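Please keep the sequence and the structure in view while reading.

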Amino acid sequence: MGYESPASFNYNHESRISETLFSSPSRSQSQTSENLPVKNSALKRALDGASERGSRKEVPEKGALEQEAAEQWGASLSQSGFEQPTLQHPFSHFLDRSSRAGENGKLVCVMWANNETGVINPIAEIARICHKHNALLHVDAVQAAGRMAINFAESGADSMAISSHKLGGLKGAGALFLKPSHFRQTMPLMPLFAGGGQEQGRRGGTPALPALVAFAAAAQAALSTLGEYHTHLRALRDALEQAAVKAGALVAGQQAERLVNTSSLVLAGKSGATQLMALDMLGVCVSAGAACSSGKVARSHVLEAMGYGPMAGCAIRVSLPWNVKKEEVAIFIERYKGMVQTFQKGGSHAAHLS
C-alpha cells in the first residue's frame, strides 16, 4: 500500500494498528542459516556474481519476455502518435543512485515463509548479509503474516509486503512496508500507478476502503488469536504428517522451522497431478505445488532446490485453514491412506476408494 508505518488503513484505526500489528517478538531472528534452502554462502556468491555482471541491467529470462512485450507495446503507441512510455523498475532510483556512488545496485527478494513447504527463513541474518554487500532486501511476508509473529522494524528488511486474503480478509488489499531511511524524498519509490497523490504518491486511484477495513479487522483478529491458532493447528498438522509418513510419504523440510498450517507431502513414484486428481475425486482439496499455481504439472522448483530430484514432481501441498476441524483432518488422513493403498495395489482410478 505504500506507507512507511506498518499499517495501510485510511481511518482512525491506523495508530492502533501501527502499535499492535505484528508487534510480537519475531521467532528466533538470530538463528543460524542451517535450515535455509539456499545457504548463506550461495547468497554471497549470487551477490558477488551480480556485482561482477552488473546485474542492475540484467533481466531474468521470463522478465526479458515481459520486457520485450512491453517495449513492443510502447513502440506501437509511438507509431500511433502517442509518446512512448518510459519503462522503469520501481526501485530504479535506488539502483541508479547506488551505481553513481560506485556500487552496483542490487535487490534481493526473499520469502519470509515458503508457500509450498512452510519453511521459515532467518530474515534478520539474510538482511545482514545483503547489507554487507550493499544490497536492498525485500521480503515477501504474504504467507507468514497472521501465521507467525513477524516484526518489520526488527527484521532488518528494507521493504516487506503482506496481503489481506491470507489473513482472512478480502482479496485485492495489501500493505507495503518501507524503511523510511531509504524511501523518502531523496530516494522515492516509483509509483505502481501514476495519477493522483493517493498512497503518498505511490499508487494513484481511490483506495478500496471496504477492503481496507476488512483488512484491518482480519489483521486484528489474526494477532489476537495467534497463540490459539498455533496450538490448534500444530497438533492437527503433526497428526496429518505422522499419518502420511506412516503411509509412505516424506514431509519436505520436516526438520526445519515451519509454519504450523503448511505441509508438503512427497510420495515417490506418483506425480503430484495424479495425487491431486485422486484426492479431488474424493472431495479433498489440495494443490500440486503452490496453491496459486495449482494447475501446473511441472516439478516444484522449490523441492528441486532442496535436493529432491525426480521426486520434486511427486508432491502435494496441504494447507490447513484457521477454522479447520479435527474431524476434517481425520477424513483427509483416511482418504490419503486409502489413495496410497490403491496406488500400491496397482490401481489408478480414485473411484476404487469410494
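Is R237 buried or exposed? R237 counts as buried, at 6% relative accessibility, where buried means under 20% relative accessible area, exposed over 50% and partly exposed in between (1.4 Å probe, protein chains only).

## Basis of the model

This is a predicted model, in which local features need pLDDT of at least 70 and side-chain atom pairs count only at pLDDT 80 or more, while totals for chains, interfaces and linings use all residues. Residues are numbered from 1 along each chain as its sequence is written, and side-chain values use heavy atoms, with hydrogens and water left out.

## Salt bridges

The structure holds five salt bridges, each being a side-chain nitrogen of Lys or Arg within 4 Å of a carboxyl oxygen of Asp or Glu. R237 pairs in this way with D238, their closest N and O atoms being 3.1 Å apart, and D238 is partly exposed with a relative accessible area of 27%.

R237 also forms a salt bridge with E241, at 4.0 Å between the closest N and O atoms, and E241 is buried. A network of salt bridges links R237, D238, E241 and R258.

## The sheet

An open sheet of three strands has the order β5-β6-β7, with antiparallel pairing; strands are DSSP runs (E, at least two residues), numbered from the N terminus, and two of them pair if DSSP finds at least two bridges between them. Strand β6 (residues 262-266) and β7 are joined over five bridges, and V266 has A315 in β7 as its bridge partner. In strand β7 (residues 315-319), four of the five residues are buried.
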